[in-house]
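Here is a short briefing on selected local features of one model. Please keep the sequence and the 3D view open while reading.

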Amino acid sequence: MDQGRPDRAPMEDKELLSGLTVTIFSAPGAFVGSVGARQAMAIHSWLALSPDLQVVLFAQHPSVLSFGKALEPRVTVEGDIDFTFLGTPMFHSMVTRARTSNSDIAVLIEPESVLLPDFMTALQYAHGLEHDWLLVAMSPKVSYFPFYMESQGQWFEEGGLLVEHEKVQQYYMQKHQWINCEGGKLWAWNTGELPLHAGVMPPFIYGKGFHNEWLLNEAMSSDFRFVFDASEAISIFHPENGLNFNGHSTENVAIADKVGRIWEIEGNMHLAALYGSFYFRPANFSNKPVKLVECDGKYYMINPPNEPKYQQAIKQESSASEFNSDREGLKRIHKNVKLMTSFRRFFLGKRQRKPSVRLDKSLVQGSGRSYRWKNMILGSIKRGPRAECIHISNTEGRKLDCSTSELKVDLKPALTLSLSFSLESLLQKVANHENTIVLAVVGNNYRDMLMSWVCRLRRLKINNFLVCAIDHQVYEFAVLQGLPVFMDGPAMNISFNDCHFGTKCFQRVTKVKSRVVLQILQLGYHVLLSDVDVYWFKDPLPYLKSFGPGVLAAQSDEYNETEPLNLPRRLNSGFYFARSDHATIVALDKIVKHAALSDLSEQPSFYDTLCGEGGVNRVGDYLCVEPETNLTVHFLDRNKFPNGAFNGLWEKSNLKGACKDQGCIILHNNWISGRKKKLERQVASGLWDYDVSSRMCLQRWQGAKSMSSY
């Protein structure tokens with residue numbers, strides 16, 4: 001039990017907070033069972049803070065959509081951020097989306113964290129700072145919480161009795177516990193122009209460790225914003241009944257789980273070690289932010305404990321001109337400090353910052369002084385109530401010492417990364433209700449195109465895709481991006497820029513595709529094989545499934561409009577749909593064996609096996625029938641499934657418009673030699689859905705603000 005913090009006066013006049021707009025972002029799990037009940041209570045507690053507060057939930061689960069719909073328009077559910085194939089959000093995508101908020105303040109919070117009204121009071125205080133800032137807070141636990149809140153915004157005791165806020169606040173003050181830095185973190189920032197940190201945030205998987213420590217370290221070492229810890233100034237907690245936070249591993253679980261780490265934790269640790277300065281920071285770097293504390297109705301900024309020589313307090317008292325006159329004194333005080341905390345660097349003016357927050361002159365603190373920081377004076381801590389409060393804070397700070405200095409001992413890049421799923425278990429995870437999967441086979445030379453392809457499928461709400469990696473580099477890249485990926489046999493040595501059509505490298509790669517398709521068909525799954533240079537305008541599966549069993553539907557590589565689709569060796573093995581039926585499996589087995597004896601790619605083996613050498617098994621202009629299995633090959637309509645040389649589409653100034661008029665379902669970016677030319681053509685055409693620099697899918701909301709978020 002923690003009784004160190006003094007009681008604070010409850011906020012009774014919500015008019016003091018009028019005009020301050022806040023958007024809270026969170027990523028809840030499914031609203032089922034006790035986890036769902038705690039999430040619902042937490043969200044209702046947020047909505048009760050202010051009528052000007054909005055909530056955005058990152059989720060894909062239907063139960064979250066239903067919950068959000070009942071609370072519209074103040075609660076919206078967004079699924080257009082990056083998720084892993086298991087449905088876990090990507091932290092870098094969450095932060096980037098929150099950075100586009102047009103509210104005065106954006107908040108990122110764990111979905112089970114309850115907030116009490118003093119949170120808004122602290123935000124209003126921070127809102128008065130004349131510099132961009134970043135607030136972080138730990139969420140303690142309350143083992144037993146006998147209250148609940150529903151949509152009315154009022155607290156009730158078990159049994160339905162109405163409870164005053166003061167009672168809830170007092171119970172929290174008596175019962176909240178800090179245990180080894182357990183619980184999630186809350187982040188809040190004013191939506192100014194300055195980034196949160198330098199560089200690019202890697203694709204951390206949310207809730208799987210290291211991302212919070214990494215962000216704090218990078219924010220402080222970058223020194224763009226004033227970073228402070230509000231854990232002791234706000235009432236935030238999660239009711240705890242033995243379940244992990246949100247059904248996910250909390251930050252401390254990820255760090256403490258030294259044995260049997262799962263791939264998500266290993267991946268986050270790997271990224272934290274490779275990106276930014278977290279792993280490489282100097283030994284004497286102070287990663288403890290300044291603390292915001294509340295004492296006798298006033299707020300103070302103090303240096304963290306264990307830095308006694310320069311431990312100081314900041315208080316709002318005087319005019320801005322007085323602060324300027326004290327700058328030389330501040331410099332003298334700290335001139336011998338070799339490595340200053342973020343707090344000292346910020347206020348010594350090491351960087352010039354343009355004020356970017358709106359100040360509300362009408363806001364008045366409980367003591368009668370403005371919330372604005374008209375002045376900040378650095379002085380020694382004296383005896384009296386303020387010194388006593390700071391002593392209490394330092395005592396609490398030692399309990400709350402969540403320094404990442406010890407974490408660095410175990411922080412190191414992983415030698416290898418791998419999913420803990422076999423091919424069979426991956427198929428069970430990703431296949432749709434009709435046992436159909438979309439398969440891409442790819443090497444590291446096309447990893448950016450892979451991600452654009454994945455992002456496009458996600459935009460079309462197609463999630464039943466599977467990636468076969470043919471080298472270790474693209475395999476680990478896909479693991480870190482949260483993709484369902486597996487390797488087929490030994491890794492291949494893929495040339496980065498010399499593996500296009502006609503090369504020996506290309507021949508070896510294509511033969512992997514038919515072998516993997518056959519393996520998946522034999523496991524009972526239908527397969528749509530798609531090269532990653534195939535752009536999807538819409539989901540082709542409804543059309544392809546209409547052909548029924550005993551038919552293999554494939555793209556034609558014939559570009560001459562007056563020629564039949566099924567001319568010799570015009571079957572494109574980079575886009576076809578194969579059913580898991582006897583005829584198709586036997587035919588694919590013949591193709592694999594034929595290709596194994598050929599010194600060409602697999603594409604001629606497809607045509608020669610199914611349509612016969614010279615096309616002896618052709619039927620009409622768009623069919624072939626393989627005589628042994630009676631499998632029908634249907635060459636797809638080129639208007640709907642055009643290849644890269646048909647109708648001059650890639651040369652059109654408005655490619656999207658031309659394809660729409662033609663009725664394209666997909667468009668293949670083939671009939672062009674070289675990886676670089678292929679990439680340039682696709683990006684220039686606008687058929688690109690991936691931001692390489694941020695390693696995120698492009699989203700519609702990214703136009704809301706400049707994407708220089710980091």
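Cys611 and Cys624 are both buried. A disulfide joins these two cysteines, with an S to S distance of 2.1 Å. The model is predicted.

**Disulfide Cys611–Cys624**

- The torsion about the S-S bond of Cys611 and Cys624 is about 110 degrees, so this disulfide is right-handed.
- Cys611 sits in the loop between α19 (602–610) and β24 (618–619), and Cys624 sits in strand β25 (residues 623–626), so the bond ties together parts that are 13 residues apart in sequence.

**Disulfide Cys455–Cys697**

- The count of disulfides comes to two.
- Cys455 and Cys697 form a disulfide, and their sulfur atoms are 2.0 Å apart.
- Here the S-S torsion is about -80 degrees, so the disulfide of Cys455 and Cys697 is left-handed.
- This pair links distant parts of the chain, 242 residues apart.
- Cys455 belongs to helix α14 (residues 447–459), and Cys697 belongs to strand β29 (residues 696–697).
- Cys455 counts as buried because its relative accessibility is 4%, under the 20% cut-off.
- Cys697 also counts as buried, at 5% relative accessibility.

**Other cysteines**

- The cut-off for a disulfide is 2.5 Å.
- Cys664 is buried, with a relative accessible area of 5%.
- Cys468 has 0% relative accessibility and counts as buried.

- Gln682 lies in helix α21 (residues 675–685).
- Is Gln682 buried or exposed? Its relative accessibility is 2%, so Gln682 counts as buried.
- A polar atom of the Gln682 side chain lies 3.1 Å from the backbone oxygen of Leu687.
- Leaving aside residues up to four places away in sequence, Gln682 touches Met449, Asp533, Tyr535, Trp650, Asn669, Leu687 and Trp688.

**A three-stranded sheet**

- Three strands form an open sheet in the order β8-β9-β10, with antiparallel pairing.
- β8 (147–149) and β10 (162–163) are the edge strands, and each pairs on one side only.
- Strand β9 (residues 155–157) pairs with β10 in the antiparallel sense over two bridges.
- Trp155 stands opposite Val163 in β10.
- Helix α1 (residues 33–47) packs on this sheet and touches β8 and β9.
- The direction of α1 makes about 65 degrees with that of β8.

Technical notes. Residues are numbered from 1 along each chain as its sequence is written. This is a predicted model: local features need pLDDT of at least 70, side-chain atom pairs count only at pLDDT 80 or more; totals for chains, interfaces and linings use all residues. Side-chain values use heavy atoms; hydrogens and water are left out. Two strands pair if DSSP finds at least two bridges between them. Helices (H or I, at least four residues) and strands (E, at least two) are DSSP runs, numbered from the N terminus. Contact means heavy atoms within 4.5 Å. Axes are lines fitted to C-alpha atoms, for helices over the stretch in contact, and angles run from 0 to 180 degrees between N-to-C directions. Buried means under 20% relative accessible area, exposed over 50%, partly exposed in between (1.4 Å probe, protein chains only). A polar contact is a pair of N or O atoms within 3.5 Å; within protein, one must be able to donate a hydrogen and the other to accept it, and residues adjacent in sequence count only if both atoms are side-chain atoms.
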